[in-house]
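Reader: Thanks for sitting down with me. Please take me through this one residue by residue, with the cut-offs as we go.

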Amino acid sequence: MAFSGPMEDRLAIRELYDTYGDASTRGDLEEFLGCWADEGVWNTQIFTRTGKDEMREQWDMLWTGFDKVAFLANVFSIEVDGDKAASRALQREEILLKGGGIYRLAGLYTDRLVRRDGKWLFLRRDYEVKVEEVPG
């Protein structure tokens with residue numbers, strides 16, 4: 001089943017996705033990091049980062065080339081099992097680059113989440129590019 005578990009947990013996880021997208025769109029590093037477990041793994045087509053220190057460094061490197069970001073998520077599944085969950089979401093990103101041009105990207109995140117102190121956090125995000133448009 002694509003959606004299972006208590007509705008209140010699924011809503012909280014959906015709000016985590018929305019918070020992540022909002023932080024990414026606004027360039028808010030601290031809010032972005034607040035979406036992650038301390039030992040979280042962020043795995044994409046160009047890097048794998050483990051822990052918030054590595055994520056902070058990667059974010060800073062990415063944002064040296066970004067002027068503005070639009071980051072949208074469509075959640076396809078959430079399956080809650082106690083204090084753990086699995087989910088999938090399509091991410092659509094449009095990035096206005098400081099050097100000019102727009103980088104467009106859409107991909108599927110396959111996620112593992114944990115609940116800590118009553119708060120849902122990303123434990124692992126594995127990204128698979130579906131569509132990519134590089135400027136120039």
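Reader: What kind of model are we looking at?
Author: Residues are numbered from 1 along each chain as its sequence is written. Side-chain values use heavy atoms, without hydrogens or water, local features need pLDDT of at least 70, side-chain atom pairs count only at pLDDT 80 or more, and totals for chains, interfaces and linings use all residues, since this is a predicted model.

Reader: Which residue meets Asp-111 in a salt bridge?
Author: A salt bridge here is a side-chain nitrogen of Lys or Arg within 4 Å of a carboxyl oxygen of Asp or Glu. For Asp-111 the N to O distance is 2.9 Å. The pair links distant parts of the chain, 14 residues apart, from strand β6 (residues 102-116) to strand β7 (residues 119-133). The partner counts as buried too, at 0% relative accessibility, and it is Arg-125.

Reader: In what order do the elements of the protein chain run?
Author: Helices (H or I, at least four residues) and strands (E, at least two) are DSSP runs, numbered from the N terminus. The chain has three helices and seven strands. From the N terminus on, they run β-α-α-β-β-α-β-β-β-β.

Reader: What is the radius of gyration of the protein chain?
Author: Radius of gyration is taken over C-alpha atoms, and the globule rule is 2.2 Å times the number of residues to the power 0.38. For 136 residues that rule gives 14 Å, and the chain comes close, so it is as compact as a globular protein of that length. The C-alpha atoms fill a box of roughly 45 × 30 × 20 Å along the principal axes. The radius of gyration itself is 15 Å.

Reader: Which residue does Arg-14 meet in a salt bridge?
Author: Both partners lie in helix α1, four residues apart, about one turn of the helix. The N to O distance is 3.0 Å, and the partner is Asp-18.

Reader: How many salt bridges are there in the count?
Author: The count uses the 4 Å rule given above. Some of the charged residues form a network of salt bridges: Asp-22, Arg-26, Asp-28 and Glu-31. The count comes to 15.

Reader: Which residues form the negative surface patch?
Author: Patches are made of residues with over 30% relative accessible area and no salt bridge, with like charges joined within 9 Å and nonpolar side chains (Val, Leu, Ile, Met, Phe, Trp, Tyr) within 5 Å. Asp and Glu count as negative, and a charge is placed at CG of Asp or CD of Glu. One member, in helix α3 (residues 51-63), is exposed at 60%. The patch is formed by Asp-53, Glu-54, Glu-57 and Asp-60.

Reader: What is the phi of Asp-117 near?
Author: Most residues other than glycine have a negative phi. Asp-117 is found in the loop between β6 and β7, and it is exposed, with a relative accessible area of 86%. Its phi is a positive value, near 50°.

Reader: Where is Leu-16, which is buried?
Author: Leu-16 has a relative accessible area of 6%, under the 20% limit, so it is buried. Its C-alpha atom is separated by 14 Å from that of Val-80, 64 residues apart along the chain. The place of Leu-16 is in helix α1.

How values were computed
Areas by Shrake-Rupley, 256 points an atom, 1.4 Å probe, with all protein chains shown as cover. Buried < 20%, exposed > 50% of the residue type's maximum accessible area, 1.4 Å probe, protein only.
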